[in-house]
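Welcome! Here is a friendly walk through one protein model, taken a piece at a time. Please keep the sequence and the 3D view open as you read.

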Amino acid sequence: MKVHTFEAGSLKEAIQKVKAALGRDALILTTRSYIKGGMLGIGGRPVVEVTAIPGSVVERKPRRRRRPKVERRSAPPPVAAAPAKKDNGPEFKKKASGLLKEAYALLESRESASPPVEEPAEAEPRLEAKAEAVRKVHQEPADSYTPSVSPVVAKEFTVLNSLERQMGQMKELLETMVPQVHGKQIVPVPMEYEELYRYLLDQSITEKIARDLTLELAKNCRPRGLELAELLLRITDRLENVIDASGPITRPSHGPKTVAFIGPTGVGKTTTIAKIAAILKFQEKVPVGLITIDTYRIAAVQQLQTYADIMKIPCRSVLEPLDLRRAIGDMRNYEVILIDTAGRSQRDEVKMDELTTFLNVGAPTETHLVISSTSHPKAIREVVDLFGRFRLDRLLFTKIDEAVLLGPLLEVIMKVKKPISYITTGQEVPEDIEVVESRKFARMLLGEVA
Ligand SMILES: Nc1nc2c(ncn2[C@@H]2O[C@H](COP(=O)(O)OP(=O)(O)OP(=O)(O)O)[C@@H](O)[C@H]2O)c(=O)[nH]1
Ligand SMILES: [Mg+2]
């Protein structure tokens, strides 16, 4: 008698294979589920193996009438053919949990028995009956299969089905987890650098930057086993190289230098311009002029005009792009011309387009993107994305005095890759402004209070 072996990903599939190859009368001898392939239990795939023989082999033998096992073992009566009703209530759960326990016990006993003991083929129930037993256990609607199955076999199928379901759930879980892991390209931080990594995260440095900095340091750092303070010193060195400081706005070698300040509303553009104008005029003795293209609010124009009046600096307000060009021409005798722009929401397309036209026509020598260090990291990211449409020459960070953590700025610096001109540290004009120094700013990004 030739025993056929079938392998499939699930019991259902295996049975289908048996039926297709040996017919509906086929008799199942053994069933086994195991993990195939992989290493050390990782990466294999669940496999159900079924051995069976054609039913005709057995039919030819004179059949010995056998009493159903269910009677001998005083187990529940044979499975009924009527469609089973779905029941997921507490009673069902209790039963299911009992069955599961039994199933595990059975599985354990099977595993310890080697080789597995096969029941004589003639004592085995038919394939259909086994399938029916499985259906009954799982409360699935029955079809035309004739029930006659021993509880032992039913339990075996319970085990396989339970395992199959669990493996399916695990597969689903893995499928949702694996792309995320790959998406983030997570490389574990060595234990030795875990403290540094956590420290960087605590500074609100983004996870990716914190990880990259840590891994880079871990790769190149000698000697090993440095204290956190020493590691931070090395990170400071690294950031010092990342932070490009442009130095202050200075007197140009020829012609007037026009510098535009752009950025979202209320970040401190006008106040910063007033500070820079005061330093240029009173400390550097540079002739300076002001232009405002803040066409939306009279008060905003007046704000700059008031500073200009106090400092006795000429100030022009313009409403049209061509006026801007004319105003710059009119101020050609001033060495530095600072241009204030209306704060605008980066989401306001109309105003952003209008600013584009002003900047195209005015063609400033330099454009500084003004970002408040108190803004939410997400808002900062959005500002960078949307103001990135302009030709940016410098970054300028305001309200450093109010910011709790400066870590989010590192992402901007790394993304925009433009030198930083100034940071502003309060509302006082002109005192609260500093020209950026790379090392000092690196220490500030790492949490050192200025
Ligand atoms: N704490 C602090 N406040 C600042 C700083 N710079 C500006 N401010 C304040 O921020 C507020 C807005 O400043 P503005 O200069 O009017 O900002 P703006 O970007 O010109 O605003 P819009 O023209 O409306 O877009 C004012 O109350 C300033 O005093 C700073 O460095 N620190
Ligand atoms: Mg303003």
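The buried residues of helix 13 pack against strand 4 (257-262), strand 5 (288-293), helix 12 (321-330), strand 7 (336-341) and helix 14 (377-387). Contact here means heavy atoms within 4.5 Å, and buried means under 20% relative accessible area, with exposed over 50% and partly exposed in between (1.4 Å probe, protein chains only). Helices (H or I, at least four residues) and strands (E, at least two) are DSSP runs, numbered from the N terminus. The model is a predicted one, in which local features need pLDDT of at least 70 and side-chain atom pairs count only at pLDDT 80 or more, while totals for chains, interfaces and linings use all residues. Residues are numbered from 1 along each chain as its sequence is written, chains are lettered from A and ligands numbered from 1 in the order in which they are written, and side-chain values use heavy atoms, leaving out hydrogens and water.

Which residues of helix 13 are buried? They are Met352, Leu355, Phe358, Leu359 and Gly362. These residues sit on the same side of helix 13 because they cover an arc of only 115 degrees around the axis, the arc being that of the directions from the helix axis to the C-beta atoms. An α-helix has 3.6 residues a turn, so residues three or four places apart point the same way. Turn to the other side of helix 13 and you will find Val350 and Asn360 exposed.

Helix 13 itself runs over residues 349-362, and its 14 residues reach 20 Å from the first C-alpha to the last, close to the 20 Å expected; that expected span is 1.5 Å times one less than the number of residues. Just after the helix, Ala363 takes a positive phi of about 40 degrees.

Now for the charged pairs. Side chains of opposite charge can pair when their charged atoms come close. A salt bridge is a side-chain nitrogen of Lys or Arg within 4 Å of a carboxyl oxygen of Asp or Glu, and by this rule the count comes to 18. One of them joins Glu366 and Lys257, with the closest N and O atoms 3.9 Å apart. This pair links distant parts of the chain, since Glu366 is in strand 8 (residues 366-372) and Lys257 in strand 4, 109 residues apart. Both Glu366 and Lys257 are buried.

Glu366 also forms a salt bridge with Arg394, the closest N and O atoms being 3.7 Å apart. Arg394 lies in strand 9 (residues 394-398) and Glu366 in strand 8, so this pair ties together parts that are 28 residues apart in sequence. Arg394 is buried, as is Glu366. The side chain of Arg394 also makes a polar contact with that of Ser246 (3.3 Å); a polar contact is a pair of N or O atoms within 3.5 Å, and within protein one must be able to donate a hydrogen and the other to accept it, with residues adjacent in sequence counting only if both atoms are side-chain atoms.

Surrounding it are 19 residues, the closest being Lys269, Thr270, Thr271, Asp401 and Thr424; a residue is near a molecule if one of its heavy atoms lies within 4 Å of it. A polar backbone atom of Lys269 is 2.8 Å from an oxygen atom of ligand 1. Side chains take part too: a polar side-chain atom of Thr270 lies 2.8 Å from a ligand 1 oxygen, and one of Gln427 lies 2.9 Å from an oxygen atom of ligand 1.
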